[in-house]
Amino acid sequence: MSDPLTPEKMAATHAAAFTRSRPWTAAEFASLLDSPLVLAAGDARCFALGRVIADEAELLTIATHPAHQRQGLAQGCMAGWETAVRKRGAAEVFLEVAADNAPAKALYDACGFAECGRRAGYYRRDGAEAADALLMRKALR
């Protein structure tokens, strides 16, 4: 059975999943969810969060708790989130991902996203070289 989303559960999953960068807080999730433009899909095991403005959607984050990785949850969550943004009128989706995040890149490739740009040295890493941000796009229509 799925575990309903709350800002606190989202923050806990995000903190468990994002160990190389600063995870988002419950207050940040609550603030985002207060916007009528923002929507989430999934549950406390895996969720996607993004916003729709006009006919463009932006995936802000997706997180799968490490205890539930490699079970296909992220791909299903992306499909559910894409359905929701389509219903809100999105014709295309954008996201960015760290170039050194191979699992996320593989997910986005499997979901039909293609690289459309790059920001050099965008993601700062403690004690390591900064990683580029890959900008990715997917047409929904």
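This is a predicted model: local features need pLDDT of at least 70, side-chain atom pairs count only at pLDDT 80 or more; totals for chains, interfaces and linings use all residues.
**View A. The tilted pair of W24 and F29.** The ring centres of W24 and F29 lie 5.4 Å apart, with 45° between the planes, and the pair is tilted. W24 has a relative accessible area of 23% and is therefore partly exposed, since buried means under 20%. F29, at 0% relative accessibility, is buried.

**View B. The edge-to-face pair of F29 and F47.** Because the planes of F29 and F47 stand at 85°, with 5.6 Å between the ring centres, this pair counts as edge-to-face.

**View C. R119 over the ring of Y122.** R119 is placed over the face of Y122, 5.4 Å from the ring centre.

**View D. The largest pocket.** The largest pocket holds about 1,400 Å³ of space. Its lining comprises 43 residues, and F18, I62, N101, A104 and Y108 are those nearest the centre. Among the elements that give two or more residues to this lining are helix 1 (7-17), helix 3 (73-87), helix 4 (102-110) and strand 5 (114-125). Strand 3 contributes the most, with seven residues.

**View E. Residue classes in the pocket lining.** In the lining of the largest pocket, 24 residues are nonpolar, eleven are polar and eight are charged.

Technical notes:
Residues are numbered from 1 along each chain as its sequence is written. Side-chain values use heavy atoms; hydrogens and water are left out. On a 1 Å grid over the protein atoms alone, a cavity is a set of points where a 1.4 Å probe fits but cannot get out, and a pocket is an open set with protein on both sides within 12 Å along at least five of seven lines; lining residues have an atom within 4 Å of a point. Grid points are joined across faces, edges and corners, and a volume is the space filled by probe spheres set on the points. Helices (H or I, at least four residues) and strands (E, at least two) are DSSP runs, numbered from the N terminus. Ala, Val, Leu, Ile, Met, Phe, Trp, Tyr, Cys and Pro count as nonpolar, Asp, Glu, Lys and Arg as charged, and the others, Gly among them, as polar. Rings of Phe, Tyr and Trp (its six-membered ring) pair if their centres lie within 6.5 Å; planes under 30 degrees apart count as stacked, over 60 as edge-to-face and the rest as tilted. Buried means under 20% relative accessible area, exposed over 50%, partly exposed in between (1.4 Å probe, protein chains only). A charge sits over a ring if NZ of Lys or CZ of Arg is within 6 Å of the ring centre and within 35 degrees of the ring normal.
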